[in-house]
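Subject: Handing over a structure

Hi there,

I am passing a structure on to you, along with some notes on what turned up in it. Please open it first and then read on.

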Amino acid sequence: GLGPKLTQALAEKGYVEPAALEAHARTFAAGGATLVKVGFDGVTDLRLAQSLAESAVRGARCGDPAAHVVLVAYADTPALAMSPAMLLEVASTAGAAGVLLDTADKSGPRLTELVSPTWLTNWVAAAHRRSLLVALAGRLRAEDLPIVRRCGADVAGVRGAACDGGRGGRISPARVRDLRRACAAGVEMVALP
């Protein structure tokens, strides 16, 4: 079968048909994945996005009734992917458990450089009103974590900031400790406009 990274890459580029995505989601959930992430980079058609999301949710639930789907939108490719606002609609109607706002270009601007804290707060609140779990990622650094927390996100996704040598490096316990401290200590220091 296809590995998780290849499957995700194919789905993000719109090359996976709904039936194939359903089968992949079922396989991952049956294999022990509690969350199946489905990205929509390159998918701008609402009907296709809805069909893919519903297929992923159905597949994950068939693989393991306790498994859930998280749908992904990208803040740095608004013309080439489903908008974050559209993602909320698709996620809530498809039965996804949550949403992730990320960046597609891992060498480009950070999420917090692309959208304001006020915009993030409003988007997170809109997702929570739809009973969706919210994760924010996209080249986040320690100084971004208080912003993510103040915006009300449930999860802050980091990779490069937690690794020695960036995204491809090894996880550093010292960096993880620093990230936890930044998240916990900086909440009162961040003023949202």
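A word on confidence to begin with: this is a predicted model, with a mean pLDDT of 87 over the chain and 87% of the residues at 70 or more. Residues 1–7 have a pLDDT below 50, and beyond near neighbours in sequence that stretch makes seven contacts in the model. The pLDDT is also below 50 over residues 187–193, a stretch with 12 contacts beyond its near neighbours in sequence.

Now the overall picture. You will find eight helices and seven strands in the chain. Of its 193 residues, 43% are buried. If you take the contacts between residues at least 6 apart in sequence, 68% of them join residues at least 24 apart. The accessible surface of the chain is about 9600 Å², and carbon and sulfur atoms account for 56% of that.

Next, the aromatic rings. How many aromatic pairs does a search of the whole structure find? The search gives one. Trp 119 and Trp 123 form a stacked pair, because their ring centres are 6.2 Å apart and their planes meet at 10°, under the 30 degrees that stacking requires. Both residues sit in helix 6 (residues 117–129), and because they are four residues apart there, about one helical turn separates them.

On to the cysteines. The structure has zero disulfides.

One more residue to look at is Thr 103. Where is Thr 103 found? It lies in the loop between strand 3 (98–102) and helix 5 (111–114). Thr 103 counts as buried because its relative accessibility is 0%, and the cut-off for buried is under 20%. Setting aside neighbours within four places in sequence, Thr 103 is in contact with Pro 109, Arg 110, Leu 111 and Leu 114, with Tyr 74 and Asp 76, and with Ala 137, Gly 138 and Arg 139.

Enjoy exploring it, and do write back with any questions.

Best wishes

Notes
Residues are numbered from 1 along each chain as its sequence is written. This is a predicted model: local features need pLDDT of at least 70, side-chain atom pairs count only at pLDDT 80 or more; totals for chains, interfaces and linings use all residues. Side-chain values use heavy atoms; hydrogens and water are left out. Rings of Phe, Tyr and Trp (its six-membered ring) pair if their centres lie within 6.5 Å; planes under 30 degrees apart count as stacked, over 60 as edge-to-face and the rest as tilted. Helices (H or I, at least four residues) and strands (E, at least two) are DSSP runs, numbered from the N terminus. A disulfide is a pair of cysteine sulfur atoms within 2.5 Å. Buried means under 20% relative accessible area, exposed over 50%, partly exposed in between (1.4 Å probe, protein chains only). Contact means heavy atoms within 4.5 Å. Accessible areas come from the Shrake-Rupley method with a 1.4 Å probe; for residues, only the protein chains shown count as cover. pLDDT is the predictor's confidence in each residue, from 0 to 100.
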